[in-house]
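Please read them with the model open.

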Amino acid sequence: MMISPFPAVFNENIKTALSVGLCSVMLAGCGGGSDSIAAKIITGGQEPIEVSPETFAPPVACPPMELRSNTFLIRNYVRGKQDESEGLLYQATIEDWANSCTREGNGQRRMKVGFSGDVTPGPAWKGGEVTLPLRVAIVPGGSDAEPLSSDLLTIPVTLTEGAPAEKWTLVEEKFTIPQGASVKVVFGFDEGRRR
């Protein structure tokens with residue numbers, strides 16, 4: 001007796017077609033809403049992710065920063081002992097700086113600036129607080145132009161007698177600049193206001 005392979009293959013094809021059709025009907029019957037089983041399978045059970053258009057916005061350009069010459073260091077001496085090593089109260093330096101900008105809704109850029117450095121006590125220092133005066137000016141592109149703004153920022157640093165150098169850091173976010181303006185940030189210690 002001869003057995004034909006066609007009915008077995010035909011039966012397998014029918015079973016596969018019925019299985020696929022049944023799965024399709026079940027998923028379709030689960031509903032198309034976000035709470036459906038099909039939606040949960042597709043999204044991994046997580047809520048849709050909201051993406052802000054700001055994520056793809058180009059970075060906001062920030063103006064260059066320029067340290068004024070001979071303003072990175074302050075040395076303060078006991079009165080009458082200027083430039084004598086035993087009369088040095090402290091010396092302070094500016095070592096690092098950076099800025100970042102964000103777009104504001106009124107056609108302005110808001111700039112965050114950061115500065116850091118060290119204060120080292122000298123032989124004549126008896127302990128206490130040092131106030132470092134840091135001048136930050138927003139200057140138009142021309143070299144002889146008047147500043148658009150100029151602010152004196154104060155940095156308090158507590159320094160004990162005979163201590164090693166103390167690190168200081170200042171971050172300020174109050175500066176705004178017009179979007180299209182070509183400016184630079186000029187900064188340095190303002191020795192006329194030190195104490």
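1. A disulfide (a pair of cysteine sulfur atoms within 2.5 Å) joins cysteine 62 to cysteine 101, with an S to S distance of 2.0 Å, and by this rule the count comes to 1 disulfide. The torsion about the S-S bond of cysteine 62 and cysteine 101 is about 95°, so the disulfide is right-handed.

2. This is a predicted model, in which local features need pLDDT of at least 70 and side-chain atom pairs count only at pLDDT 80 or more, whereas totals for chains, interfaces and linings use all residues. Residues are numbered from 1 along each chain as its sequence is written, and side-chain values use heavy atoms, with hydrogens and water left out.

3. Cysteine 62 is partly exposed at 27% relative accessible area, while cysteine 101, at 12%, counts as buried; buried means under 20%, exposed over 50% and partly exposed in between, with a 1.4 Å probe and protein chains only.

4. Threonine 93 lies in strand β3, residues 88-103 (strands are DSSP runs of E, at least two residues, numbered from the N terminus). Threonine 93 is buried, with a relative accessible area of 15%. Leaving aside neighbours within four places in sequence, the contacts of threonine 93 (heavy atoms within 4.5 Å) include Phe72, Trp168 and Phe189.

5. Rings of Phe, Tyr and Trp (its six-membered ring) pair if their centres lie within 6.5 Å, and planes under 30 degrees apart count as stacked, over 60 as edge-to-face and the rest as tilted; by this rule the count comes to 4 aromatic pairs. The rings of phenylalanine 115 and phenylalanine 187 have centres 5.0 Å apart and planes at 55°, so the pair is tilted.

How values were computed:
Helix = DSSP H or I, 4+ residues; strand = E, 2+ residues; numbered from the N terminus.
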